[in-house]
Amino acid sequence: MAASFEASSTSFTPLAALAGGLLIGLSACLLLLALGRVAGISGIAGRLWGAAAGDRAWRLLFVLGLLAGAWGAHALSLGPPALPAPGRLSPGWLAAAGLLVGWGTARGSGCTSGHGVCGLGLRSKRSLAATAVFVAAGMLAVYVLRHVVGVL
Amino acid sequence: MKRAAVALLAGLLFGFGLQWAGMTDPVKVQAFLDVTGPWDPSLALVMAGAAGTTLLLFPLIRRRGRPWWDVRFHLAERWEVDARLLSGAALFGLGWGVAGYCPGPALAGLALGNPELWWFLPAYAVGTWWGRPKTKGSGNAGLTSPGRRTPRH
């Protein structure tokens with residue numbers, strides 16, 4: 001991996017964003033059409049271990065595909081080349097964030113993909129409410145940490 | 001076999017899309033959430049492309065009555081907006097803002113060798129375990145149907 005790093009602002013990339021978003025939407029459609037499953041990452045990954053034997057393989061393969069797909073796009077020089085700068089966040093902040101994301105998505109039954117991409121497509125009122133709340137909470141966290149506390 | 005292939009293909013499309021759209025970069029995600037800073041609206045267009053596609057095609061898919069290779073669609077059976085949903089979404093959103101990772105990009109970023117994820121992902125796994133409903137029949141926390149007992153093929 002090339003060691004190139006970046007600052008805290010990024011540039012607007014509308015075409016790549018739309019193209020990537022379209023692929024994510026098509027992935028969700030394929031999974032629903034073929035397997036009848038919702039492409040919610042927290043749900044798919046969260047039950048990798050708890051799932052019954054016959055319910056596990058598709059989850060594992062989806063996650064492996066997720067990694068391989070990201071690697072493939074990166075290999076084709078699509079998307080960001082850089083890794084976050086070393087020391088951007090301390091291990092403590094990273095672990096706290098991971099804990100909150102795991103806890104919150106399990107408690108709230110979904111994440112950006114399950115509620116945002118799929119739940120909205122299913123016209124679910126629960127997902128619309130959840131999406132509005134997690135986007136607002138994310139904006140609040142960045143505002144406070146970056147502009148009030150000055151951590152980010 | 002065909003079920004396995006399609007699961008892999010769906011994962012590939014998803015991961016490819018995340019990286020192409022720049023969503024594996026937590027700084028870009030935070031630049032979307034930072035509405036009072038130098039705002040990067042890319043994430044809104046990712047969501048528009050993705051949710052626009054599902055809004056358009058999901059109704060057509062569901063009209064078929066059942067998926068190709070399963071007996072039924074595995075969808076949520078709860079429709080009420082309750083405190084558990086909203087508090088969960090709030091906790092998730094706070095964590096998302098702190099580091100710039102939601103579950104998909106955090107997993108996909110492993111393939112890019114992002115060292116931050118060695119701290120984030122174990123904590124994420126602990127949090128997932130912690131946040132699950134502690135009642136009998138655990139593992140029903142997801143968006144998909146809680147009623148499923150016997151997976152079929």
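The model is a predicted one, in which local features need pLDDT of at least 70 and side-chain atom pairs count only at pLDDT 80 or more, whereas totals for chains, interfaces and linings use all residues. Residues are numbered from 1 along each chain as its sequence is written, with chains lettered from A and ligands numbered from 1 in the order in which they are written.

Chain A is built from 6 helices and 0 strands; helices here are DSSP runs of H or I with at least four residues, strands are runs of E with at least two, and numbering starts at the N terminus. Along the sequence the pattern reads α-α-α-α-α-α. Taken along the principal axes, the C-alpha atoms of chain A fill a box of roughly 45 × 35 × 30 Å. Of the 152 residues in chain A, 60% are buried. Burial goes by C-beta atoms placed from the backbone: a residue with 20 or more others within 10 Å of its own is buried, one with 12 or fewer is exposed, and anything in between is partly exposed. Among contacts in chain A with a separation of 6 or more, 51% link residues 24 or more positions apart.

Turning to the interface, 117 residues of chain A are in contact with 111 residues of chain B. On the chain B side, α1 (2-20), α2 (26-33), α3 (42-62), α4 (83-99), α5 (103-108) and α6 (117-131) each supply at least two residues, and the largest share, 17 residues, belongs to α1(B). By class, this side of chain B has 68 nonpolar, 31 polar and 12 charged residues, where Ala, Val, Leu, Ile, Met, Phe, Trp, Tyr, Cys and Pro count as nonpolar, Asp, Glu, Lys and Arg as charged, and the others, Gly among them, as polar.

Next come the helix pairs. Axes are lines fitted to C-alpha atoms, for helices over the stretch in contact, and angles run from 0 to 180 degrees between N-to-C directions. Helix α4 (residues 91-107) of chain A packs on α4(B) at about 155°, the axes being 7 Å apart. The two are therefore roughly antiparallel, the label for angles over 145 degrees, with under 35 counting as roughly parallel, 65 to 115 as roughly perpendicular and the rest as oblique. The contact has 14 nonpolar, 5 polar and 2 charged residues.

Helix α5 (residues 112-121) of chain A meets α3(B) at about 30°, with axes 7 Å apart, so α5(A) and α3(B) are roughly parallel. This crossing is right-handed. Among the residues involved are Val117(A) and Leu120(A) of α5(A), and Met47(B) and Phe58(B) of α3(B); the contact splits into 8 nonpolar, 3 polar and no charged residues. The axes of helix α3 (residues 57-75) of chain A and α1(B) come within 6 Å and cross at roughly 35°, again in a right-handed way. This contact has 22 nonpolar, 7 polar and 1 charged residues.

Setting aside residues up to four places away in sequence, Leu32(A) touches Arg37(A), Val38(A), Phe58(B), Ile61(B), Pro67(B) and Phe73(B). As for α2(B), 8 of its 8 residues are buried, so α2(B) is largely enclosed by the rest of the structure. Its buried residues pack against α6 (125-149) of chain A together with α3 and α4 of chain B.

Two loop residues have positive phi. Ser109(A), between α4 and α5 of chain A, has phi near 60° despite being a residue other than glycine, and counts as buried with 30 C-beta neighbours inside 10 Å. Arg123(A), in the loop between α5 and α6 of chain A, has phi near 55°, but with 12 such neighbours counts as exposed.

Definitions and conventions
Contact = placed C-beta atoms within 7 Å. Left-handed = near helix turned anticlockwise from the far one by under 90°.
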